[in-house]
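Subject: Structure handover

Hello,

Here is the structure for you to look through. Please open it first, then read the notes below.

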Amino acid sequence: MNRFLLRIFWFVLPAAVAAVGAEWGLRSIPHQLAYKARYMEEHAPQIEVLSLGLSHAFYGLDFHASKFRGFNLAYHGQPLDRDLELWEKYADRLTSLRAVTVPLSCWSIHHRLRKEGEQWRVPFYTINYDLSAPWYAFKERCIIAYPAQAFRYLKHALASEDSLAEGNIPQDEFGSYMARLDNRLPDWDQRAAEDVAKNHSRFKPEDMTHNREVLRHIAADCAERGIRVVLYTPPAWHTYYEHLSEEIVSLTREIGTSLAREFPNVRYVDLLKDRRFTADDFFNASHLNYDRGGRKLIRILDDEIAEDPLPAK
């Protein structure tokens, strides 16, 4: 019996060593979330505006144009329940905070990170933000738990010219993705716009209910702290929004307006079809670019924050 167990040990050992080495190597690759975590640890008390959310905020805000000192904690595919975890981690250290901004898009209202196809992002949050997870939760702690995505991540990270690769994205010192007008593709307005819109229009009611409660939790906590919450439906180009279902657009607006009625510290602004945004403001049909659209959006949000009726902290 002991000899049998010894053989199993020597058989498994090389695979275990290889797996540990692969995980160590993947964690050694610099990641944008690691920068965001370091910034929050070092500068949280000086931040006046905190941007949460997914890529609509990660792409579309340039805090250089803001009248407030802000930081962009948003990231690709970052769902509202992850926003809540990050908010709870840093809220007590944000002693100068005036406002939290959250994109309320036709995807974010029902997007969940742990759904099929998105779970592979979870370990990056656990690792870089040092979020709690059970020691045995392999899929929440280890990048190699998702071999296909881990290989793609490594391949893209080693290709420095691939600016769109996960973990290999240029971001400024305030955490925003620098997707510039000159970098967009010739077919920016058509590229997958219809497919993306139709995909964003499909949802499960239970996911939407969950995310509404997450927003209520953030809004209530901010109200207790005297902090404004600005919810905004981000601008999009017509080749995207024309293919959204009327139902998903209506539900998105309903969530925003109902939260603004329920909480006195919440403002909601619908910019989906806002004509102030022109073709030169977009990186693709559903995201603003950094250098034009990002500056325009941050000034609009600044105006919402500047009208804040809450008492100064």
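Two strands pair if DSSP finds at least two bridges between them. Strands (E, at least two residues) and helices (H or I, at least four) are DSSP runs, numbered from the N terminus.

The model is predicted, so local features need pLDDT of at least 70 and side-chain atom pairs count only at pLDDT 80 or more, while totals for chains, interfaces and linings use all residues. Residues are numbered from 1 along each chain as its sequence is written, and side-chain values use heavy atoms, with hydrogens and water left out.

Start with strand β4 (residues 228-233). β4 pairs in the parallel sense with strand β5 (residues 266-270) over five bridges, and Thr 233 has Asp 270 of β5 as its bridge partner. β4 also pairs in the parallel sense with strand β3 (residues 99-103), over five bridges; here Val 102 is partnered by Leu 231.

Six of the six residues of β4 are buried, so the strand is largely enclosed by the rest of the structure. Buried means under 20% relative accessible area, exposed over 50%, and partly exposed in between (1.4 Å probe, protein chains only). Arg 228, Val 230 and Tyr 232 cover one side, and Val 229, Leu 231 and Thr 233 the other.

Leu 231 is also among the residues with the most contacts inside the largest nonpolar core, which has 89 residues. Helix α9 (residues 205-225) gives the largest share of this core, six residues. Such a core is a set of buried Ala, Val, Leu, Ile, Met, Phe, Trp, Tyr and Cys residues joined through side-chain atoms within 4.5 Å.

Regards
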